[in-house]
Amino acid sequence: MKKMMLIGESGVGKTTLIRVLSGEGFSTRKTQAVEFCGGFIDTPGEFLENRRFYPALITSSADCQVVAMVQDATRISSLFPPQFSTIFSRKVVGVVTKVDVEDANVARAERFLKNAGAKEIIQSSSKTGIGLEQLKELLR
Ligand SMILES: Nc1nc2c(ncn2[C@@H]2O[C@H](COP(=O)(O)OP(=O)(O)OP(=O)(O)O)[C@@H](O)[C@H]2O)c(=O)[nH]1
Ligand SMILES: [Mg+2]
């Protein structure tokens, strides 16, 4: 199995996705530090929200094979800078979360991720299970 690091704003659903992919229930607490959990590296939203943490993200990515830029489909904005993917010397994919929500706008989320440099984008929902098999396949 490949190891995947997830990066995205606070509350987009990174920890929840990791828990669901690992066969655990929904997450309820905020991630406070970079956490190594099995085949995943979880990062706090603040690490994307504040540029001074970028070096920490780059350092942590050395331990993974895939970096996932995670964008919430319900958000009207994105904090990923243009071509953010290029700071990593790893395969970088885009993951759209919360596609189950009624006012989700998947096309908008995909535009943000493409702008951030994602070539491959996976649509997902930790609630309904959409995209989870595709993510597992990516990591096999
Ligand atoms: N409807 C829906 N809600 C989700 C989904 N994934 C996560 N959530 C909810 O979104 C909220 C935030 O989820 P987290 O997984 O804690 O978010 P995070 O990206 O880890 O946030 P930080 O740790 O603060 O960076 C929680 O209330 C989850 O229940 C999803 O696929 N669908
Ligand atoms: Mg978290």
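Analyst: The account below begins with conventions, then turns to the sheet and to the helices.

This is a predicted model, in which local features need pLDDT of at least 70 and side-chain atom pairs count only at pLDDT 80 or more, while totals for chains, interfaces and linings use all residues. Residues are numbered from 1 along each chain as its sequence is written, chains are lettered from A and ligands numbered from 1 in the order in which they are written, and side-chain values use heavy atoms, without hydrogens and water.

Six strands make up an open, mixed sheet in the order β2-β3-β1-β4-β5-β6; strands (E, at least two residues) and helices (H or I, at least four) are DSSP runs numbered from the N terminus, and two strands pair if DSSP finds at least two bridges between them. β2 (35–37) and β6 (121–123) each have a single partner strand, so one side of each lacks a neighbour in the sheet. On average, neighbouring strands are turned by 25° against each other, direction ignored.

Within the sheet, β1 (residues 4–7) pairs with β4 (residues 66–72) in the parallel sense over four bridges, and Met5 stands opposite Val67 in β4. Helix α3 (residues 54–61) packs on the sheet, touching β1, β3 (40–42) and β4, where contact means heavy atoms within 4.5 Å. The direction of α3 makes about 165° with that of β1; angles run from 0 to 180 degrees between N-to-C directions, and axes are lines fitted to C-alpha atoms, for helices over the stretch in contact.

A helix pair can also be described: α1 (residues 14–21) and α5 (residues 132–139) pack at about 80°, with axes 11 Å apart. Leu17, Val20 and Leu21 in α1 meet Leu132, Leu135 and Lys136 in α5.
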